Amino acid sequence: MGGAYDLVVRGGRIVTAEGVVLADLAVAEGRIAAIAPAIGGSGTEEIDAGGLHVFPGILDAHVHFNEPGRTEWEGLASGSAALAAAGGTVFCDMPLNSVPPVLDGASFARKRALAQEKSALDFALWGGLVPGNIDRLEELRAAGAIGLKAFLCGSGVEEFPAVTDPSILRAGMRRAAALGLLVAVHAADDALAGRLTSAARARGAADPASWLATRPVEVELAAIRTATDIAGETGCALHVVHVSSPEGLALISAARRRGADVTAETCPHYLLLTEDEVVRQGAPAKCAPPLRSEARRRKLWRAVLAGGVDTIGSDHSPAPPEMKTSPDFFAVWGGISGCQHAFPLLLSEALEGGPAAEVLPRLSALLAANVAARFRLGPRKGRLAEGADADFALLDLRGVHVLRNAELLYRHRQGPYDGRRSTVAVVRTVQRGRTVYADGRVAPGRRTAHFLTPSTP
Ligand SMILES: [Zn+2]
């Protein structure tokens, strides 16, 4: 007699770090009990995955779900549902755009309680590093923050001030290093962006092309230099979020060669879209840093495939339609709604460049294993192996789907991918053995999200 399992997924192509294997996957008590050809015994639930790929659940370390406080922008329930539809199983919510922003233990506890009540997925939370909260960083660590986010330029919201003074960044990173906390930076040089913006505004500029010209790559590079230098000096672990340029990646690799503990995130939109889309589509494609040239997009892809990027996060940054419709492009909210469409589309585009058996394991590292490793979310997250949490997505690579904004589960059905063709469809998402998304819908039932904290190194 074989053992009885809670769930057996039969005959799927299982994506592991080493490659793709045709096998069954058995789940007991939320964890992967076995991966093997033809597992004996039956499961209480059986899923036929013949013809499908079993991909590790995506850990999206960069989302803005904006709850509490700006739930009319998104929300923990709608945001996590949309990510589940993309094959996501874990999100890490950024500390800003929620009100209050997460700058101390009390605001952290409030967001954690709401996420536990509303999230469809397991989650972790970022704390913020702003001028004036250095003596709160210890509370944030004690509360379980995966790291601290700092803006080196204006964040777009008043309650989350920028760290424009390098001496404050240095003091914050020194304190973070002492506490064992990683710091993530939004790298944009505030003074340079400010000068270019003032000059453009003085000319009366209000169109997308003029706005793009105020955010050249130099704005990103100057800030990456500052942050990586301070990381080297203080010994603080640094994660540069949403790197938009190959030149930015080169600065990060150079800092790493000098011994700094620095990693790079990029986002699907820098790999799927270019500055031409900003001019063509306008508001749905406005983000910061902005989309770049086709030449830079191609170089970024090469870096992704060659190991020059550590993680990919969506930077899902939604806003209500009214904030995305101003005739003055400078006033339009800068943020792309992307956590649902961007991930399958990213895999689809990657598969055009090579066989699934090579492409999927490589992308799974950037979307899952590397994220779990960098944020110390534990050996049970980020990979498909015996003993790990049974967090995975079933992907169908056999058809072509035209993405439609109408199918988005965001609070506001807007995004820059409407009409794009994807050969990757997420047919089901499973978290700790339980189906959380299938057939276009989030599974009903009681929320059982787990709050994740960094494990000790
Ligand atoms: Zn962001």
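Q: Where is the place of P68, and what makes it a loop?
A: P68 sits in the loop between β6 and α1. Helices (H or I, at least four residues) and strands (E, at least two) are DSSP runs, numbered from the N terminus. P68 falls between two such runs, so its place is called a loop. The peptide bond leading from E67 into P68 is cis, with omega near 5 degrees.

Q: What kind of model is this?
A: This is a predicted model: local features need pLDDT of at least 70, side-chain atom pairs count only at pLDDT 80 or more, and totals for chains, interfaces and linings use all residues. Residues are numbered from 1 along each chain as its sequence is written, and side-chain values use heavy atoms, with hydrogens and water left out.

Q: Why is S107 called buried?
A: The relative accessible area of S107 is 7%. Buried means under 20%, exposed means over 50%, and partly exposed is in between (1.4 Å probe, protein chains only). S107 is under the cut-off, so it counts as buried. It belongs to helix α2, residues 105–118.

Q: What makes the pairing of S107 with D104 a polar contact?
A: The two side chains come to 2.7 Å. A polar contact is a pair of N or O atoms within 3.5 Å; within protein, one must be able to donate a hydrogen and the other to accept it, and residues adjacent in sequence count only if both atoms are side-chain atoms. The value of 2.7 Å is within that limit, so the pair can qualify. A polar atom of the S107 side chain also lies 3.3 Å from the backbone oxygen of P101.

Q: Which residues is S107 in contact with, leaving aside neighbours within four places in sequence?
A: They are P100, P101 and V102. Contact means heavy atoms within 4.5 Å. P100 itself lies in the loop between β7 (88–93) and α2. The V99 to P100 peptide bond is cis, with omega near 0 degrees.

Q: What coordinates the zinc ion?
A: H62 (NE2), H64 (NE2) and D315 (OD) do, at 2.1 to 2.2 Å. Donors are N, O and S atoms within 2.8 Å of the metal (3.2 Å for Na, K and Ca); water is not among the atoms, so sites may look incomplete. Along the chain, the donors follow the spacing H-x1-H-x250-D. The pair H64 and D315 links distant parts of the chain, 251 residues apart. H64 is in the loop between β6 (58–63) and α1 (76–84), and D315 is in the loop between β14 (311–312) and α12 (342–351). Both H64 and D315 are buried.

Q: Why is N405 called buried?
A: N405 has 14% relative accessibility, so it counts as buried. It lies in the loop between β16 (401–402) and β17 (421–422). The backbone oxygen of G415 is 3.3 Å from a polar atom of the N405 side chain.

Q: Why is G399 called partly exposed?
A: Its relative accessible area is 25%, so G399 is partly exposed. G399 lies in the loop between β15 (392–396) and β16. Leaving aside neighbours within four places in sequence, it is in contact with S422 and T423.

Q: Is A38 buried or exposed, and why?
A: A38 has a relative accessible area of 68%, so it is exposed. Its phi is near 50 degrees, a positive value in a residue other than glycine.

Q: Is R432 buried or exposed, and why?
A: R432 has a relative accessible area of 16%, so it is buried. R432 has a positive phi of about 45 degrees although it is not a glycine. It is found in the loop between β18 (425–431) and β19 (434–438).
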